Amino acid sequence: MKPSPFDYHCAKSVEDAIAALAAHGDGAMLLAGGQSLVPMMNLGLVTPEVLIDITRLSDLAYVRLDEDVLRIGALATHNTVMRAEDSARACPLLVSAYDNVAHHTIRNRGTLGGNVCHADPASEMPLVLTLLDATMVIHGVDGGRIVAAGDFFVDAFETAIATGEMLTEIRVPAQAAGEGYAFEEMSQRKGDFAIVSAGCRLSIEGGRMTNVRFGLTGAGAQNRRMTVLETMLEGAVWEARLLSDAVEVAVVNADPSDDIHADVAYKLDLVRAMSRRVLAAAVEMAVK
Ligand SMILES: Cc1cc2nc3c(=O)[nH]c(=O)nc-3n(C[C@H](O)[C@H](O)[C@H](O)COP(=O)(O)OP(=O)(O)OC[C@H]3O[C@@H](n4cnc5c(N)ncnc54)[C@H](O)[C@@H]3O)c2cc1C
């Protein structure tokens, strides 16, 4: 299918893009890598009146470690982020999860900014950025604001970005030295969206777990951090029995639905297996 007709504006700067967004209101959409937007336009799922092309805003394509914060410009491609030495140094969970995101050619065009603004509930990065306590920098004509990842992802395909605003930067605090982390997913083919994925990070201090973060995709309408499991593990002394209890908490609190890829029973089996793997791997890494 072909997209419905639209006007095209090639943004010369962030200010120009924001001015164009303000001028065209709800009828405008930003074009970043086009890896989600263009298929949706071709399928008639979105019909922007004006497409504001931000692909030439190379000033927003950076990845750099600034003291203890990894700063990722909204136009940095997936491949740029996953290959940056600063990403590996500061946020190894992010890099390890990237092994599951799409295919090389899609990662070459697709941006992390576009990925999080698209907010697909099956997408890995919204979950990972939430587990890493990332924040999102958003700009509009009235200036900028910073939103925690946990508040940025409002619902499936819905973010905190308002009409007239754009994402400019993602800030990810560096992981603590010695922290354990793991990410696992099951998809039909490598590079496809996950049926279920699980991510975890934690530290062990004086034998007790601390700073525990755990979450799933494919186990509810939105990818999500499972705070009930985190609270259960926070401060607890690690022992084998705790792993089984934690996995059951993950299963009881998961709420997947049937779809064309898998039924609920199979997804709950995946939740059980993925949760066990990431928790065990993160603990093993943290105790070393
Ligand atoms: C075959 C295939 C497989 C894929 N597999 C995966 C996968 O396994 N995991 C995964 O996570 N993703 C996957 N993707 C999606 C891919 O990650 C996309 O690159 C990403 O979702 C969108 O990034 P983009 O730069 O292409 O954004 P675009 O498609 O250009 O834009 C996406 C949306 O974000 C908005 N937007 C873009 N930039 C901004 C901004 N700075 N501020 C505000 N709004 C903005 C756009 O208006 C649009 O609504 C896959 C895509 C394909 C085609």
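Which polar backbone atom is 2.8 Å from an oxygen atom of the ligand?

Author: A polar backbone atom of G33 is 2.8 Å from a ligand oxygen atom. Some ground rules come before the rest. The model is predicted, so local features need pLDDT of at least 70 and side-chain atom pairs count only at pLDDT 80 or more, while totals for chains, interfaces and linings use all residues. Residues are numbered from 1 along each chain as its sequence is written, and side-chain values use heavy atoms, with hydrogens and water left out.

The protein covers 88% of the 970 Å² of accessible area that the ligand has on its own (Shrake-Rupley method, 1.4 Å probe).

Now the shell. There are 30 residues around the ligand, each with a heavy atom within 4 Å of it. L30, Q35, L37, T111 and S123 come nearest. By type, the shell divides into 15 nonpolar, 13 polar and two charged residues (Asp, Glu, Lys and Arg count as charged, and Gly is among the polar).

Which elements build it? β2 (28–31), α7 (112–118) and β10 (166–173) each supply at least two shell residues. α7 gives the most, with four residues. Helices are DSSP runs (H or I) of at least four residues, and strands are runs (E) of at least two, numbered from the N terminus.

Methods:
A polar contact is a pair of N or O atoms within 3.5 Å; within protein, one must be able to donate a hydrogen and the other to accept it, and residues adjacent in sequence count only if both atoms are side-chain atoms.
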